[in-house]
Amino acid sequence: MFIKNTWYVACTPEDIDGKPLGRKICGLPMVFYRGADGQPVALEDFCPHRGAPLSLGFCKDGNLVCGYHGLEMGCEGKTIAMPGQRVGGFPPIAKYEAVEHAGFIWVWPGDAPADRSALPQLAWADNPQWAYGGGLYHIAADYRLMIDNLMDLTHETYVHSTAIGQPEIDETPCKTRVDGDTVYTERFMSGIQAPPFWQMAMRAAGLDDQASVDRWQVCRFSPPSHILIEVGVALEGHGGINAPDDKKAYSVVVDFITPETETSMWYHWGMARKFKPEDAALTASIREGQGKIFSEDLEMLERQQQNLLRYPERKLLMLNIDGGGVQSRKVIDRYLAAETAAA
């Protein structure tokens with residue numbers, strides 16, 4: 001069910017500063033910490049002595065010490081020492097490739113050699129023209145339900161009616177296209193009023209928040225489960241998404257979805273914006289507003305998952321607005337079939 005020979009976001013760099021972090025990814029219990037060289041390390045979260053979670057231990061001189069009996073693990077998964085004991089013959093535990101990249105700690109859960117060239121390149125990372133703020137939600141739902149949700153933004157009119165939803169989303173058809181392994185769902189709205197969230201963004205960008213605007217939503221899925229959504233508004237008649245920077249409020253909604261189990265996920269969300277990047281208060285305000293919006297999705301997806309588990313025999317209906325999610329699942333299924341065949 002999970003693509004494993006790929007990169008997932010495990011956590012943020014701050015999550016492992018000075019302490020280990022336990023996290024299950026693709027059904028695999030892992031512990032993350034920093035080695036003596038400051039680089040991230042990912043090991044199986046299992047002490048070979050008595051099976052305790054190593055994530056309940058602590059870091060010492062770049063190694064990981066079990067919090068149960070003091071067994072010390074090296075960064076390669078090999079037992080280094082234990083008070084008063086000879087442990088050189090202990091079998092190693094699993095080690096996973098981990099790397100710090102573009103503001104996140106990434107992990108490769110599969111058996112195939114990790115390909116660092118496959119890490120996504122993010123335009124806003126370490127770019128002073130952009131600002132980024134985000135957070136994390138743990139959601140008790142199949143990660144593919146979040147992909148469905150994000151590749152069809154029609155739900156904004158109903159789930160997020162007080163922030164980013166508006167009737168024009170329903171009234172404007174979306175188009176889905178596939179380019180290799182990338183799926184796009186696009187919607188362009190012309191000559192409308194901006195909803196509350198985007199009125200706030202317009203004011204922050206120095207634009208008249210009551211002016212008529214062109215609005216866009218361009219959702220882009222790439223495997224295993226990454227979705228970046230170009231969103232924004234521009235003063236009407238200035239080119240929409242291609243308008244000059246001084247005529248628009250433009251952002252990218254960042255969605256890194258990491259499966260935990262078949263019915264749960266880690267959802268790293270955020271927004272990168274290309275206006276007023278120096279305004280830390282604006283970053284905090286947008287992060288707070290976006291967090292509230294995504295919390296509304298959380299409740300919907302968890303209740304949806306409960307219904308699907310309760311009625312597994314029911315066949316769900318498909319509409320034209322589901323095209324993005326359907327095509328994204330086809331890409332996932334193709335990758336899963338290829339991994340199965342290789343194994």
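Residues are numbered from 1 along each chain as its sequence is written, and side-chain values use heavy atoms, leaving out hydrogens and water. Because the model is predicted, local features need pLDDT of at least 70 and side-chain atom pairs count only at pLDDT 80 or more, while totals for chains, interfaces and linings use all residues.

**View 1. The seven-stranded sheet.** Here is an open sheet of seven strands, in the order β11-β17-β16-β15-β14-β13-β12, with antiparallel pairing. Strands (E, at least two residues) and helices (H or I, at least four) are DSSP runs, numbered from the N terminus, and two strands pair if DSSP finds at least two bridges between them. At the edges sit β11 (131-139) and β12 (175-179), each pairing on one side only. From one strand to the next, the twist averages 15°. Follow β12 to its antiparallel partner β13 (residues 182-192) and you'll find five bridges joining them; lysine 175 stands opposite glutamate 186 in β13.

**View 2. Helices across the sheet.** Helix α5 lies across β11, β16 (248-261) and β17 (264-273), running at about 25° to β11. Helix α6 (residues 323-342) lies across β12, β13 and β14 (213-222), at about 165° to β13. Axes are lines fitted to C-alpha atoms, for helices over the stretch in contact, and angles run from 0 to 180 degrees between N-to-C directions. Contact means heavy atoms within 4.5 Å. Look also for the salt bridge between aspartate 181 and arginine 334, whose closest N and O atoms are 2.8 Å apart. Aspartate 181 lies in the loop between β12 and β13 and arginine 334 in helix α6, so this pair ties together parts 153 residues apart in sequence. A salt bridge here is a side-chain nitrogen of Lys or Arg within 4 Å of a carboxyl oxygen of Asp or Glu.

**View 3. Two helices side by side.** The axes of α4 (residues 196-204) and α5 (residues 280-310) come within 12 Å and cross at roughly 170°. That makes α4 roughly antiparallel to α5 (the label is for angles over 145 degrees). Phe197, Met200 and Ala204 in α4 meet Leu282, Ile286 and Ile293 in α5. By class, this contact has six nonpolar residues, no polar ones and no charged ones.

**View 4. Strand β9 and its neighbours.** On one side, β9 (residues 95-101) pairs with β4 (residues 40-44) in the antiparallel sense over two bridges, and alanine 42 has tyrosine 96 as its bridge partner. β9 also pairs with β10 (residues 104-108), again antiparallel, over five bridges. In that pairing, alanine 98 stands opposite valine 107. The hairpin of β9 and β10 has two residues between the strands, and alanine 102 takes a positive phi near 55° there.

**View 5. Salt bridges at β9.** The whole structure has ten salt bridges. One of them joins glutamate 100 and arginine 34, with the closest N and O atoms 3.0 Å apart. Arginine 34 is in strand β3 (residues 28-34), 66 residues from glutamate 100 in β9. Arginine 34 is buried, at 19% relative accessible area, while glutamate 100 is partly exposed, at 38% (buried means under 20%, exposed over 50%, partly exposed in between, with a 1.4 Å probe and protein chains only). Asp17, Arg34 and Glu100 are linked in a network of salt bridges.

How values were computed: Parallel < 35°, antiparallel > 145°, perpendicular 65-115°, else oblique. Nonpolar A, V, L, I, M, F, W, Y, C, P; charged D, E, K, R; others polar.
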